[in-house]
Amino acid sequence: LVQVVGLKGAVDLNGRWGNLQSFSRDKGRWHVDVDGVGAKLVRPDNLKPAGAEVRSFLRDGVWVTIGGLDARNRLNGRRCRLVYEQEPGRWQVNIEGVGMKTLSADNLRPTGYCGPQAASKGQ
């Protein structure tokens, strides 16, 4: 898991998460499967590896986005709420519109989403 950082041309990719696929020696860049975008070639200087501190956002009740699954998997980009950690690195999640599943922590991304908001009366 890596985060794209410091791009000047494709600034819309900055802050996005992705998975390394392979390294192109000819181009000196990584093939990265960027969440919500697809395959991109990115210079190593523009990739920040996810460390333990990045995973610190994983805790019961937090909303996250799913990413890094096989490209054909329709769960990529879906939001879910963490229910509990079943075992180290495996989380029981409640996916919006799908229900309960178990996913690897490698496929969970931080998000600013706070869940469905209850409708306010009188507004």
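**Entry 1**

I began with valine 2, whose bridge partner in E2 is glycine 18. Strand E1 (residues 2–4) and E2 pair in the antiparallel sense over two bridges, where pairing requires that DSSP finds at least two bridges between two strands. I noted for myself that strands (E, at least two residues) and helices (H or I, at least four residues) are DSSP runs numbered from the N terminus. The model is predicted, so I kept its limits beside me: local features need pLDDT of at least 70 and side-chain atom pairs count only at pLDDT 80 or more, while totals for chains, interfaces and linings use all residues. Residues are numbered from 1 along each chain as its sequence is written, and side-chain values use heavy atoms, with hydrogens and water left out.

Glycine 18 also stands opposite valine 34 in E3. I then looked up how strand E2 (residues 17–24) meets strand E3 (residues 29–34), and found that six bridges join them in an antiparallel run. Phenylalanine 23 stands opposite tryptophan 30 in E3. The hairpin of E2 and E3 has four residues between the strands, and glycine 28 in this hairpin takes a positive phi near 65°.

**Entry 2: the sheet that holds E1 to E5**

I traced an open sheet of five strands in the order E4-E3-E2-E1-E5, with antiparallel pairing. E4 and E5 are its edge strands, each of them pairing on one side only. The twist averages 45° from one strand to the next; for such angles, axes are lines fitted to C-alpha atoms (for helices over the stretch in contact), and values run from 0 to 180 degrees between N-to-C directions.

Is asparagine 46 buried or exposed? I looked for it in the loop between strand E4 (38–42) and strand E5 (47–49), and with a relative accessible area of 8% asparagine 46 is buried. On this scale buried means under 20% relative accessible area, exposed means over 50%, and partly exposed lies in between, with a 1.4 Å probe and protein chains only. The side chain of asparagine 46 reaches the backbone oxygen of valine 5 at 2.9 Å. Asparagine 46 touches Gln3, Val4, Val5, Gly6 and Leu7, leaving aside residues up to four places away in sequence, and here contact means heavy atoms within 4.5 Å.

**Entry 3: the sheet that holds E6 to E10**

I traced another open sheet of five strands, in the order E9-E8-E7-E6-E10 and with antiparallel pairing. E9 and strand E10 (108–110) stand at its edges, each with a single partner strand, so one side of each has no neighbour in the sheet. Neighbouring strands of this sheet are turned by 50° against each other on average, direction ignored.

E6 and E7 run antiparallel and are joined by three bridges. Threonine 65 is in strand E6, and its bridge partner in E7 is arginine 79. Threonine 65 counts as buried because its relative accessibility is 18%. Among the residues that threonine 65 touches, not counting those up to four places away in sequence, are Gly77, Asn107 and Leu108.

Glycine 97, in the loop between E8 and strand E9 (99–104), is exposed, with a relative accessible area of 82%. Glycine 97 and arginine 79 are 18 residues apart in sequence and 9.3 Å apart in space, C-alpha to C-alpha.

**Entry 4: the nonpolar cores**

Which members of the largest nonpolar core touch the most other members? Of its 15 residues, I listed Leu58, Val64, Leu82, Val93 and Leu108. A nonpolar core is a set of buried Ala, Val, Leu, Ile, Met, Phe, Trp, Tyr and Cys residues joined through side-chain atoms within 4.5 Å. Strand E6 (63–66), strand E7 (79–87) and strand E8 (90–95) each supply at least two residues of this core, and the largest share, three residues, comes from E8. A second, separate core of eight residues includes Leu7, Val34, Val42 and Leu47.

**Entry 5: the whole protein**

Last, I counted the elements and found zero helices and ten strands. Buried residues make up 33% of the 123 residues in the protein.

How values were computed
A polar contact is a pair of N or O atoms within 3.5 Å; within protein, one must be able to donate a hydrogen and the other to accept it, and residues adjacent in sequence count only if both atoms are side-chain atoms.
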